Amino acid sequence: MEGPYRVASSRQAAAMLPHDRARQEALTNLDLLKIMRSYIKCMLEGPQGYKGLILDKETMRICSNIYGRTELAEQNVVHVEYIEKNDGRNHSELTAVCFLRPTRENIVFLKRELKSPRYQRYHIHFTNLLNSVSTMFLQELAEADATGERVMEVQEDYADFQVPDAHHFVIPVPRNELFFAVRQPGAAPSALEYELIDRCVQGLSAVFLALRRRPIIRYQRGSELVAQLAKSLHLLTYKQEAAVFDFGASRSGPPVVLLLDRRDDPVTPLLSQWSYQAMVHELVGIHDNLVRLTSTKIPEQFREIVFDARQDEFLRRHLYRNFGEVGASVKALVEQFQSASTKHSKVDSLEEMRRFVLEHQDFQRLQGNVSKHVNLMTQLSELVTTRNLMELSMAEQELANPAANLTSAASFDEIAQQLRAATTLDVDKVRLVALYALRFEPDTPRVRQLLDALAATGVKDREPRLYAAAENILRYGGAARRAGDLYGSRNLLQKARNVLKGLQGVDNVYTQHTPLLTETVAALSADRLDPMAYPYMAATGEEVAVMAANAKRAPPREVIVFMVGGTTYEEAKAVAEMNERQAAAAAAAAGTTASAIGGTAGPGAASVTPRVLLGGTNILNSAAFISALTAGLNIPTPASGGGIGVLGGVGTGLTSANAI
C-alpha cells in the first residue's frame with residue numbers, strides 16, 4: 001500500500017454508531033462504561049465472519065474489565081492473543097481486529113505481524129489520538145503492509161483508560177509509587193516522573209475525547225507533579241490540538257477537570273472500610289474484577305471469585321451497602337436458595353422434569369451467587385474478628401472525623417493501649433499511629449512518643465518498612481504538603497458545620513468519616529473553592545479572570561476529578577452518592593420546569609449539584625498506600641518476610657485479565 005493509511009476517528013464516526021440514542025444518553029450521564037462498551041461493540045461488529053482479537057497488555061485489561069468471554073463469542077471472536085507474544089500459528093480463516101495503544105513498541109510488533117501476515121485481513125484500532133510522531137508510525141506500517149495490503153482500516157478509538165465503574169476510571173502508570181516520593185519544594189520532575197505525567201495526559205485526553213468535552217483545568221497548588229500535569233494537559237487540549245478538542249460552546253457552564261494529589265487527603269486510604277466493595281478491596285483485594293480468597297474454611301475450587309456488578313444483580317444492589325446490611329441480605333439469599341432447592345428436590349413426572357430444565361439455568365445462577373457471597377462474607381467476617389477491626393475502626397473513625405471532640409492527650413492513651421494489645425497486627429498499629437500523627441500534627445512531642453511506643457512493640461525490628469511508613473506520613477501528607485482543609489480548621493463555615501455534625505451525631509460510628517473529596521467538589525460547585533489553593537490553568541491572567549467570572553454566573557454542572565497517586569473505593573462510593581443526588585435534583589428540576597411553562601431559573605436559583613467522574617492512577621487500599629509511602633527508601637527487608645501483605649490487596653486493584 002503506497003503512503004500512510006487514512007485514519008478514521010471515533011469523533012468522525014460518532015454519527016454512524018449504532019444505538020445512537022443509548023450512546024447520547026451515556027454521553028449526557030458521563031457513563032464511561034457504556035461509552036467504552038460501545039467502542040468495543042462497534043469495533044467487533046464491523047468486520048464480517050470469524051475474528052481474532054489482538055491486544056497488548058493494557059488493552060487486554062481494558063477489555064477484560066468491560067467485555068466477557070460470552071459477549072466476545074457472540075461477536076464471532078474465536079481467538080484472542082497478545083501482540084507481543086502470539087501463538088505463531090496461521091489464522092488465514094480469521095479477520096484480525098487489533099486493539100492497541102499507539103506506542104513505539106506496539107508499532108514494532110505490528111510491523112512484524114504485517115510483514116508475515118497470519119490473518120486474512122486486519123482492522124487496526126488505536127486507543128488514542130495519532131499525533132505527528134504516530135503518523136510516522138503509520139508510514140512504517142504502510143510500508144510493512146505494501147506486499148500483502150491486508151490492512152482494511154485504521155481507526156482512533158478513545159479508550160486509553162480502564163473503567164471499573166461507570167463513574168470511576170483508572171489511568172494505569174508503570175510505577176505509581178513514584179508519585180509518593182518526598183520531593184524538595186520547587187524541584188523539577190525527573191525523567192521517570194515526566195513519563196508518568198505523559199501517560200496521565202494521554203489517558204485524560206482520551207477521556208475528554210470519549211466524552212466529547214474540553215474541560216476548564218483547575219489543579220492543586222503545591223504539588224509540582226500536578227502542576228506539570230495541568231500545564232501539559234492545557235498545552236495539548238488548548239494549543240497543540242485545539243481544533244480536535246473543540247466541541248463547541250456548552251449550553252450550561254463548561255465542565256471542569258480538577259487535578260489533585262493523593263497527599264491532599266492521606267486519611268481516606270488509611271481507614272478500615274465497611275461498605276461491600278471497599279471492604280472487599282481493603283481486606284482481600286479486587287484485581288480486574290477478580291477476588292482470590294484465602295480462608296481455609298472455603299474449599300480451594302471456590303476461592304477465585306468474579307466480582308463484577310454487571311454480571312451480578314445482588315452485587316449491583318449491595319455494592320455500597322454496609323457490612324451488616326450485606327450480611328442480612330446474604331442470609332435472605334441463602335433462604336431463597338433453600339426454598340428453590342426444596343422445589344427442585346423432587347423431579348418425578350415428565351412435567352416436573354420439563355419445568356426443572358426450564359428453570360435449571362436460573363437455579364444454577366442462584367446457586368453460584370449464593371456460594372460466592374457466602375464465601376466472601378465468611379472471609380470478611382473471619383478477618384474482622386481475628387484483627388479486632390470493629391474496635392480498631394471506632395478509634396480510626398474518631399481520629400478521622402473533624403467533628404469528633406478529641407484531645408491529643410486522651411487519644412494518645414487510647415492509641416497506646418491498642419498498640420500494646422496482643423490482637424493488634426503490626427499493619428493496624430501503623431495505621432493508627434499515622435492517623436494520630438495527621439490529626440495531632442502540632443503536638444510534636446506526643447507524636448514522637450507514639451512512634452517510640454510503636455517501636456517498643458517490636459514493629460521497627462520486625463517490619464522496618466512498616467515503621468518507616470508511620471515515620472514518613474507527615475513528610476508525605478502533613479499540613480504543609482496539603483492544599484485542602486482536611487480537618488475543617490481553616491474555614492469558619494466548615495468549623496461551624498463540624499460543630500453541628502458533632503452535636504447531631506452520626507447514624508453509624510463506623511462511617512463517621514467523609515472523604516475530603518466530597519467537600520472539595522461541593523466547594524467547587526458552589527464557587528467556594530479557593531482559587532489560590534486550586535488555581536485555574538490558562539495562558540494569561542485575563543483568561544483566568546474570565547473563567548472565574550463565568551464560574552460565578554454558571555457553576556459547573558460536570559466535574560472530572562483526577563487524583564495523582566490513586567483513588568479509593570470509599571471515594572468512588574461518595575461520587576456515586578453525589579451522582580444519585582444530581583439525578584434526583586435533575587428529575588425534580590424537570591418536574592418544576594414542566595409545571596411552570598416558560599419559566600427560567602435565574603442567577604439566584606438553588607446551587608447546582610454537578611455530575612461527577614472520578615479518576616486516578618490506581619485504586620488504593622491501605623496496604624498499597626502504606627507500601628507506596630516507603631517506595632524509594634533504602635530500608636532493609638527482614639528475613640522473616642513482610643507484614644504489609646496481610647491485607648491481601650496490594651497493588652492497583654486492576655492487574656490480571658479475568659474475562660478473556
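Predicted model: local features only at pLDDT ≥ 70, side-chain atom pairs only at ≥ 80, totals over all residues.
View 1. Leaving aside neighbours within four places in sequence, Thr95 is in contact (heavy atoms within 4.5 Å) with Pro47, Gln48, Tyr50, Lys51, Gly52, Tyr119, Gln120, Arg121 and His123. Thr95 belongs to strand E4, residues 91–100 (strands are DSSP runs of at least two residues and helices, H or I, of at least four, numbered from the N terminus). Its relative accessible area of 2% makes Thr95 buried (under 20%, with a 1.4 Å probe and protein chains only). The side chains of Thr95 and Arg121 make a polar contact at 3.0 Å (N or O atoms within 3.5 Å, one able to donate a hydrogen and the other to accept it; residues adjacent in sequence count only if both atoms are side-chain atoms).

**View 2. The aromatic pair Phe180 and Tyr476.** The structure holds 11 aromatic pairs (Phe, Tyr or six-membered Trp rings with centres within 6.5 Å; planes under 30 degrees apart are stacked, over 60 edge-to-face, the rest tilted). Phe180 and Tyr476 are stacked, with 5.2 Å centre to centre and 20° between the planes. Phe180 lies in the loop between strand E8 (168–170) and helix H8 (191–211), and Tyr476 in helix H19 (residues 464–477), so the pair ties together parts 296 residues apart in sequence.

**View 3. The aromatic pair Trp274 and Tyr510.** The ring centres are 5.2 Å apart and the planes at 45°, so this pair is tilted. Both Trp274 and Tyr510 are buried.

Residues are numbered from 1 along each chain as its sequence is written. Local features need pLDDT of at least 70 and side-chain atom pairs 80 or more, while totals for chains, interfaces and linings use all residues; side-chain values use heavy atoms, without hydrogens and water.

Methods:
Buried < 20%, exposed > 50% of the residue type's maximum accessible area, 1.4 Å probe, protein only.
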